[in-house]
Amino acid sequence: MGGRFDITIVANDSATAEHYIDTIITEITRIEYLISDWKPQTQISEVNRNAGIKPVKVDKEVFDLTQRAIHWSEITNGAFDISFAAMERIWKFDGSMTTMPTPEAVRKSVQKVGYKNIILDSAASTIFLKLEGMKIGFGALGEGYATDRCRAMMQAKGIKAGIVNASGDMSVWGTQPNKKAWNIGITNPFKNDEIFTTLHLTNAAITTSGSYQKFAIIDGKRYSHIINPATGYPATGLCSVTVVGESAEIANGFSTSIMVLGKEEGLKLLSKYPAYRCLMITDTGKILKSKNWKRK
């Protein structure tokens, strides 16, 4: 999925742990070959190739994930939009980008963005992108979805504790072997080799979205990889948003959305979902927390 996965399993012996780690890797790979938009053989790549041409039949799992993604667009008034992927053609965050895209290029890319042009047919289980050149991608939900799936799978198999960490999108369950909660550190966005604070979690999910790991530096200024779908330019104002709750997929949706919405609108959105809480760090280093944030 373009990111690193770290897997921790608590078991009676290393052979058992390795067996279940392999099981998780197999499941992550299976999901990747359904929803990756950069592997040409996936269902999502097929959907993208047929943008403006025809609907594409997909597995129910892919259809349902797309449906949930569109729900995020609806509750955030488009701040979250999986069709942002069309803008990846003009923004590169792999270190190769040294000049800003032209305003004309940004304007044209925004024309291809719009969740209302993603047409779902539940009876036929098809996805159709109305506009030629549209593209959808699950960079903001896929890894959280995968960690949730793997956690549920392990719990169903009787594994009482572990962590599935997808580059900061994390599902944890149970406790460490010493019966203590897992210690989950949040990176200091201004010093990537330092931990800003530590949370103690047992059965929970935690995700962090930020501008401090994937970015482009142009004329000395850092631009986040999280794009505002409305403007076509990287989101500004916040450099890190951490969300804690029950599901990594949902927490990931919140953390990405809040990066785009900004602190006021982000907190207003999150206040409607009391099972989730967040900690935000602004570009100037100010720390903000939702009212239900508790630090031990």
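1. To read the helix angle below, keep in mind that axes are lines fitted to C-alpha atoms, for helices over the stretch in contact, and that angles run from 0 to 180 degrees between N-to-C directions. Please also note that this is a predicted model. With that in hand, helix α6 (residues 248-261) packs against helix α7 (residues 263-270) at about 145 degrees, and their axes are 7 Å apart. The crossing of α6 past α7 is right-handed.

2. Here is who meets whom at that contact. From α6 come Phe254, Ser257, Ile258 and Leu261, and they meet Lys263, Glu265, Gly266, Leu269 and Leu270 of α7. Sorted by class, the contact has 5 nonpolar, 2 polar and 2 charged residues.

3. Now to the rings: the structure holds 5 aromatic pairs. In one of them, Trp72 and Phe80 have ring centres 6.0 Å apart and planes at 40 degrees, so this pair is tilted. Trp72 and Phe80 are both buried.

4. Trp91 and Tyr233 also deserve a look. Their ring centres are 6.0 Å apart and their planes stand at 75 degrees, so the pair is edge-to-face. The pair links distant parts of the chain, 142 residues apart: Trp91 is in the loop between α3 (60-75) and α4 (103-111), and Tyr233 in the loop between β11 (221-224) and β12 (238-245). Trp91 counts as buried because its relative accessibility, 3%, is under 20%, whereas Tyr233 is partly exposed at 29%.

5. One aromatic cluster is formed by Trp72, Phe80, Phe254, Tyr273 and Tyr276. Phe254 is also one of the α6 residues that meet α7.

6. Finally, look at Arg277: it lies over the face of Trp293, 5.8 Å from the ring centre.

How values were computed. Residues numbered from 1 in each chain as written. Predicted model: local features only at pLDDT ≥ 70, side-chain atom pairs only at ≥ 80, totals over all residues. Heavy atoms only, no water. Helix = DSSP H or I, 4+ residues; strand = E, 2+ residues; numbered from the N terminus. Left-handed = near helix turned anticlockwise from the far one by under 90°. Contact = heavy atoms within 4.5 Å. Nonpolar A, V, L, I, M, F, W, Y, C, P; charged D, E, K, R; others polar. Phe/Tyr/Trp six-rings, centres within 6.5 Å; stacked < 30°, edge-to-face > 60°. Buried < 20%, exposed > 50% of the residue type's maximum accessible area, 1.4 Å probe, protein only. Lys NZ or Arg CZ within 6 Å of the ring centre and 35° of its normal.
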